[in-house]
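Here is a short report on one strand and its surroundings. Look at the model first, then read on.

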Amino acid sequence: MSDIQQQFEAIEHTPFRQVREDAFRAFEKLGIPSSRHEEWKYTNIKAKLSKEFTFTPQESEVNKSVKAYISSLPAYAFRMVFLNGVFQSSMSIIPDLKGLTISSLKEAFSAHQELIEKHYGKLIDNNEEHFAALNTAFVNDGAFIHVSRNVNIEEPIFLHYFFTAGEAEAFTQTRNLVIAEEGASIQLAEDFRNASNIGVQYNHVSEVYVGKNAQVNVAKLQTETKNVIGIHTMEAQVDTDARFYSTTITFEANVIRNNATARLVGRNAHADLSGLYFAKDTAHIDTHILIDHVAPDCTSHQLYKGVLNDQATGIFNGKIFVKPDAQKTNAFQSSKALLLSPEASVNSKPQLEIFADDVKCSHGAAIGQLSAVDMFYMLSRGIPEEQAKQLLTYAFAHEVVEKIQSKPLRQHLCDKLKEALNLQL
Amino acid sequence: MAENDAILEDHISSDYKYGFTTNIEQEFAAIGLTEDTVRFISAKKEEPEWMLDWRLKAFAAWQKMKQPKWQNVHFPEINFQDIIYYAAQKKKKKLESLDDIDPEIRDTYNKLGIPIQEQKLLAGVAVDYVMDSESVVTTFRESLKEKGIIFCSISEAIREYPDLIKQYLGSVVPTRDNYYAALNSAVFSDGSFVYIPKGVRCPMELSTYFRINAENTGQFERTLIIADDNSYVSYLEGCTAPMRDENQLHAAVVELVTMDNAEIKYSTVQNWYPGDKQGKGGIYNFVTKRGLCQGINSKISWTQVETGSAITWKYPSCILKGDNSIGEFYSVAVTNNYQQADTGTKMIHIGKNTRSRIVSKGISAGKSQNSYRGLVQVNGNAEKAYNFTQCDSLLLGDKCGAHTFPYIEVKNSTAQVEHEATTSKIGEDLLFYCNQRGLTAEEAVNMIVNGYCKEVLNNLPMEFAIEAQKLLSISLEGSVG
């Protein structure tokens, strides 16, 4: 810890010295959680992370694989590129559009001080969330996105995070702040990529404000995250009549932890969170969801699915909290896992905590194999067993991919899924 | 709504019906817990040396343990030095029949609404009646003996059947299993012991009625039931306790073992004093119940109706070790006023083709908190294990809480695990339908709640089902959300 202390003293503190310091003090108290901590029961993150950390951003060369990937991308309207947590303006596309601000967080600290002061670090609880506190203390840069009142942005905004392992202990801290004002709407696609052949570790935090009657749609892609130890924390605050959608797709990992929280603070707000993981080898994918119903008349929907091969491990913990005032809440959660290998394992904990009486909350969890009846149907139609399995698995997983709003992105993910399943259609 | 509130108010203000104290001379251990207390209890029970050693080991383990804090219930820390660990009625001469027992105790029984004589005659229930830790009288012993069934107090079993006790006591719930199990192992005063020999189907429901009687005595019951190959037994446990102001601790341990093709059905109706309307007093019910399906094709079924206690904290569990074994858990937990319940089950699948089924119905009213906490664990070798879990919560009133904490851990790809949970209040359409048919709001709620719990109540033996239905009605009169 003394080493972390030294590193903390060495980093550039301004602006928000106080925010960083408070977070650092909180982290010092919490430390890295062990598996004795209830929220980390099935993921011994302490054992997985390197023993020492380097938080200093790695000023690394843009390597071939990053260049090749960027040039292969279609001409999207908006794009931000980060390499090891450092913003790459030369590779980014940020058109000047009225009512939309896209900038690096560093830039926003000085250019949009008022907005930052009002929103930055306000949705996370440093005293409870180990890695969010760590991130707040050490963060270098990230994306700042602000959409003004009643501005609708139709094209998705792509945020590409590339990681190339520099020093082995590098623990990159990235951070987003997204603010959609009243009546605004945007789509985001966060894409995390390991651009090296060896292991990388990062810790990413997003804070998302969905204003009254606004709509925010976030797609989180972890499809090229081989050898990655990635910790994701997303905290969304959803106001009156607003809608928040989030879909996370994970294909590869060493260890990936996805924390997502949606806090419904205004009447008639809606949150829809979904996720799919397709785990192979020894991948360990842990999803923790919290839907916090604070205001009455809100609805929430969760759909989480996992396909497990080889020695992969999947974890799902979904909480629904209904606070005493949140009458007329309607909350639904479904989590399903398909175990395709005898060595794969799943731990699931769907959790309801309800303090209001006029509510409808339900959850369903199922862990099992492909239905024998479905398989029989396919076989009886002359489809070979292997292909039938692939088709049924594809159908199982596709329900989540379908939730991605952007059509080209959805198509891309469907192709990735087919590729992963070795399925030719 | 106003009318409903009035009825709710009416019910909530209704007092505990079974609050009375029986005045019998009692013999107490000195207050507090030391090694001497353990020795005192062991000496009082005239236990052999090995049993005292067993207790002392448990006591040593307990001293090193910390009170668990993870549960979703809140209570002031218990001072374990402020409890009397042993209260037995003064030794009297051995009783031959029920007519010989203290008229005051018989009166107590009658107040509970369970006329012993009638039960004896009509229901054919052998009652091992426990008044504060000491077995008073055991009926039907003779007719059970004919079949080779052993049904006696655990202290008697320690003296008479040391081989069985040595082999099985602590085999399912080890002494250092958890804080309260260790405490129980050190200081348990009495309880029941049942052994069903090979191929015997127990001809009657075995039953024990517990009463916590003396003030400031924790009740530490120990129950051990062994069903040998191809046998069957149904065991009933029902409880009521008199009204007290101080919180009383009840930390029982129940162990069940089934051999090949054997089945144990264990039913509980628990209606201990829940504390008053302000949440003062009431029993702390911290119980460890666990069954081991050791043999192939064996079955253990837990059914519980929990309406009493200030705090209920227990997880009757099944370890499904034998191939093709079956575990079942049916539960209704009702909380009202300031009651707290954190209850559920654990199904540990170890053997092949093991199956388990969990049906839990929670009902919260007043300012109470009701939690379901369960674990379904499928181990790597448990081929084709199957579990179905349903846990529903019903909320009556806007100040209560319902929580579910299901843990599902699957390490075998041939396993099939299904879990469903819902939380809701009684639908206005259902109430409207009943009202329209001329039922009062109260009758309607009763009917709906009974229907809601039917799947669980159906699993109770007949006499219990009737009592449980009455209890539900008493517990929830007019609680319309």
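A residue counts as buried if 20 or more other C-beta atoms lie within 10 Å of its own. The model is predicted.

**Burial of the strand**

Apply that cut-off to strand β23 of chain B, residues 401-410. Nine of its ten residues are buried, so β23(B) is largely enclosed by the rest of the structure.

**Strand partners**

Which strands pair with β23(B), and in what sense? One partner comes from chain A: strand β18, residues 345-354, pairs with β23(B) in the antiparallel sense over six bridges. Another comes from chain B: strand β21, residues 369-378, pairs with β23(B) in the parallel sense over ten bridges.

The table lists residues that stand opposite one another in these pairings.

| Residue | Opposite residue in β23(B) |
|---|---|
| A:N347 | B:E409 |
| B:V376 | B:I408 |

**The contact between the chains**

Chain B gives 31 residues to the contact, and chain A gives 31 residues. On the side of chain B that touches chain A, the elements that give two or more residues are β22 (386-396), β23 and β24 (416-424) of chain B. Which element gives the largest share of that side? β23(B) does, with ten residues.

What is the make-up of the side of chain B that touches chain A, by class? This side has eleven nonpolar, 14 polar and six charged residues.

To recap, β23(B) is largely enclosed, pairs with β18 of chain A and with β21 of chain B, and gives the largest share of chain B's side of the contact.

Conventions
Residues are numbered from 1 along each chain as its sequence is written. Chains are lettered from A and ligands numbered from 1 in the order in which they are written. This is a predicted model: local features need pLDDT of at least 70, side-chain atom pairs count only at pLDDT 80 or more; totals for chains, interfaces and linings use all residues. A residue is buried if 20 or more other C-beta atoms lie within 10 Å of its own, exposed if 12 or fewer, and partly exposed in between; C-beta atoms are placed from the backbone. Helices (H or I, at least four residues) and strands (E, at least two) are DSSP runs, numbered from the N terminus. Two strands pair if DSSP finds at least two bridges between them. Two residues are in contact if their C-beta atoms, placed from the backbone, lie within 7 Å. Ala, Val, Leu, Ile, Met, Phe, Trp, Tyr, Cys and Pro count as nonpolar, Asp, Glu, Lys and Arg as charged, and the others, Gly among them, as polar.
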